[in-house]
Amino acid sequence: MKIRPLHDRVVVRRKEEEQTTAGGIVLPGSAAEKPNQGEVVAVGTGRVLDNGESRPVAVKEGDIVVFGKYSGSNTIEVDGEELLILNESEIYGVLES
């Protein structure tokens, strides 16, 4: 199944949670902190402006993005995988190599 977000929404696959700390301590699932990075899976067509035109979304599929710790309260499950639906404004930046 595929998902196509509307307008300025972006679907993101969150990176895997860290299972160990830098010191080597293994964390149980409840103590592990949710990562604030992920890969863009799908993007909408863009924000509709007051004049009726559409401004395209600044990210594209495959980009690795950084978002707020409490962003993405809208989660969905597609084919057994948990995905986040974010507004473009909830994305802080794109990681580039």
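Q: Where is the place of Val 94?
A: Begin with how elements are assigned: strands are DSSP runs of E with at least two residues, helices are runs of H or I with at least four, and both are numbered from the N terminus. Val 94 sits in strand β8, which covers residues 91–95. Do bear in mind that this is a predicted model, where local features need pLDDT of at least 70, side-chain atom pairs count only at pLDDT 80 or more, and totals for chains, interfaces and linings use all residues. Residues are numbered from 1 along each chain as its sequence is written, and side-chain values use heavy atoms, with hydrogens and water left out.

Q: Is Val 94 buried, partly exposed or exposed, and which residues does it touch?
A: Exposure is read from relative accessible area, with a 1.4 Å probe and protein chains only: under 20% is buried, over 50% is exposed, and in between is partly exposed. Val 94 counts as partly exposed because its relative accessible area is 34%. A contact is a case of heavy atoms within 4.5 Å. Not counting residues up to four places away in sequence, Val 94 touches Val 59, Asp 63, Ile 64 and Val 65.

Q: How many helices and strands are there in the chain?
A: The chain has 0 helices and 8 strands. Of its 97 residues, 30% count as buried. Looking at contacts with a separation of 6 or more, 60% of them come from residues 24 or more positions apart.

Q: Which residues make up the largest nonpolar core?
A: A nonpolar core is a set of buried Ala, Val, Leu, Ile, Met, Phe, Trp, Tyr and Cys residues joined through side-chain atoms within 4.5 Å. Here the largest one has 10 residues: Val 10, Val 12, Val 40, Val 57, Val 59, Val 65, Phe 67, Leu 84, Leu 86 and Ile 91. Strands β1, β5 (64–67) and β7 each supply at least two residues of this core. Apart from it lies another core of 5 residues, including Val 11, Ala 42, Val 78 and Ile 85.

Q: What does the side chain of Asp 63 reach?
A: For polar contacts, look for a pair of N or O atoms within 3.5 Å; within protein, one must be able to donate a hydrogen and the other to accept it, and residues adjacent in sequence count only if both atoms are side-chain atoms. The side chain of Asp 63 reaches the backbone nitrogen of Lys 60 at 3.0 Å. Asp 63 lies in the loop between β4 (54–55) and β5, and it counts as buried because its relative accessibility is 12%.

Q: With which side chain does the side chain of Arg 13 make a polar contact?
A: Its partner is the side chain of Glu 81, at 2.4 Å. Arg 13 is found in strand β1 and is partly exposed, because its relative accessible area is 31%. Along the chain, Arg 13 and Glu 81 are 68 residues apart, while their C-alpha atoms are separated by 8.4 Å.

Q: Which residues line the second largest pocket?
A: Rolling a probe the size of a water molecule over the atoms shows where empty space is left. On a 1 Å grid over the protein atoms alone, a cavity is a set of points where a 1.4 Å probe fits but cannot get out, whereas a pocket is an open set with protein on both sides within 12 Å along at least five of seven lines; lining residues have an atom within 4 Å of a point. Met 1, Lys 2, Ile 3, Val 41, Ala 42, Glu 61, Val 78, Asp 79, Glu 81 and Leu 83 line this pocket. Strands β2 (37–43) and β7 (81–87) each supply at least two residues of the lining.
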